[in-house]
Amino acid sequence: MPIALPPLPYPYEALEPYISRTTLEFHHGKHHKAYVDKTKALAKEVHLADQSLEFIIQQTALQERHRALFNNAAQAWNHAFYWRSLQPGGGGEPGGEIADRIKSDLGGHAAFAEQFAAAATGQFGSGWAWLVMDGGKLSVITTANADTPIAHGQIPLLAIDVWEHAYYLDYQNRRAEYADALIKHLINWDFANKNLGRRRERVTTPAGVCVAGPASPAA
Ligand code: MN
């Protein structure tokens with residue numbers, strides 16, 4: 001599977017007024033594209049250019065000499081997942097299995113929204129806020145910089161990018177307002193339910209490493 005920049009799953013202006021067309025043009029067309037391009041170049045040097053991002057991430061995690069490749073591959077993967085975590089007309093209360101799990105594992109939608117916003121706002125510096133399945137339970141976590149739940153055996157269900165480039169043009173320093181807008185208006189609960197439904201799938205990579213199920217954001 002060749003590494004490529006996936007198209008945005010909606011038009012650039014689709015998330016307005018919460019995320020502007022300008023932000024998405026830079027974020028997808030420049031930032032995400034740069035991560036993909038760098039991954040392709042670095043993967044070629046170590047003969048991994050024909051492998052999937054998931055495989056490259058698994059193979060390079062925690063290896064100092066592959067740190068640049070890991071960072072770029074993880075960022076390429078995280079961004080593809082983030083685009084699909086959002087949708088026009090999203091947000092609000094979920095339905096389906098995710099609603100039941102949020103109730104049983106996190107104390108209900110209001111408690112989830114509070115935890116997710118606090119995680120997004122509280123992450124010090126660049127990184128990501130995630131809703132993940134971890135050991136059979138839902139959990140709200142953050143990762144720093146490029147780090148990704150799929151390098152830690154957790155199954156991501158939703159992501160919010162909290163790097164400044166994700167919100168600075170629209171919200172300047174007001175990261176809390178950005179997180180709040182996404183949670184209220186853009187979260188794609190269908191995507192979260194789909195990821196939850198696929199959690200039992202395990203993908204065995206060529207090296208025999210087990211990668212968490214919903215690992216392909218382009219699927
Ligand atoms: Mn980003």
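Predicted model: local features only at pLDDT ≥ 70, side-chain atom pairs only at ≥ 80, totals over all residues.
Local features require pLDDT of at least 70 and side-chain atom pairs pLDDT 80 or more, whereas totals for chains, interfaces and linings use all residues. Residues are numbered from 1 along each chain as its sequence is written, and side-chain values use heavy atoms, without hydrogens or water.

The protein comprises eight helices and five strands. These are DSSP runs, numbered from the N terminus: H or I over at least four residues for helices, E over at least two for strands. Their order along the sequence is α-α-α-α-α-β-β-β-α-α-α-β-β. The C-alpha atoms fill a box of roughly 45 × 40 × 30 Å along the principal axes. Of the contacts with a separation of 6 or more, 69% join residues 24 or more positions apart; contact means heavy atoms within 4.5 Å.

Buried residues make up 51% of the 219 residues. Buried denotes under 20% relative accessible area, exposed over 50%, and partly exposed the range in between (1.4 Å probe, protein chains only). The protein exposes about 9900 Å², of which carbon and sulfur atoms supply 53%. Areas come from the Shrake-Rupley method with a 1.4 Å probe; for residues, only the protein chains shown count as cover.

The largest nonpolar core holds 67 residues, and Phe112 and Leu131 touch the most other members. Helix α3 (residues 67-85) gives the most to this core, with nine residues. Such a core is a set of buried Ala, Val, Leu, Ile, Met, Phe, Trp, Tyr and Cys residues joined through side-chain atoms within 4.5 Å. Beyond its neighbours within four places in sequence, Phe112 contacts Ile102, Leu106, Leu131, Val140, Leu158, Ile187 and Trp189. Helix α2 (residues 53-60) is mostly covered, with seven of its eight residues buried. Among them are Glu54, Gln58 and Thr60. Just after α2, Leu62 takes a positive phi of about 65°.

Seven salt bridges are found in the whole structure. The criterion is a side-chain nitrogen of Lys or Arg within 4 Å of a carboxyl oxygen of Asp or Glu. Glu13, Arg21 and Glu25 form a linked network. The closest N and O atoms are 2.8 Å apart for Glu13 and Arg21, and 2.7 Å apart for Glu25 and Arg21. Glu25 and Arg21 are four residues apart in helix α1 (residues 21-45), so about one helical turn separates them. Glu13 is partly exposed at 37% relative accessibility, Arg21 at 35% and Glu25 at 31%.

Arg101 pairs with Asp105 in another salt bridge, with the closest N and O atoms 3.2 Å apart. These two residues are also four residues apart, in helix α4 (residues 96-106), about one helical turn. Arg101 is buried at 18% relative accessibility, and Asp105 is buried at 17%.
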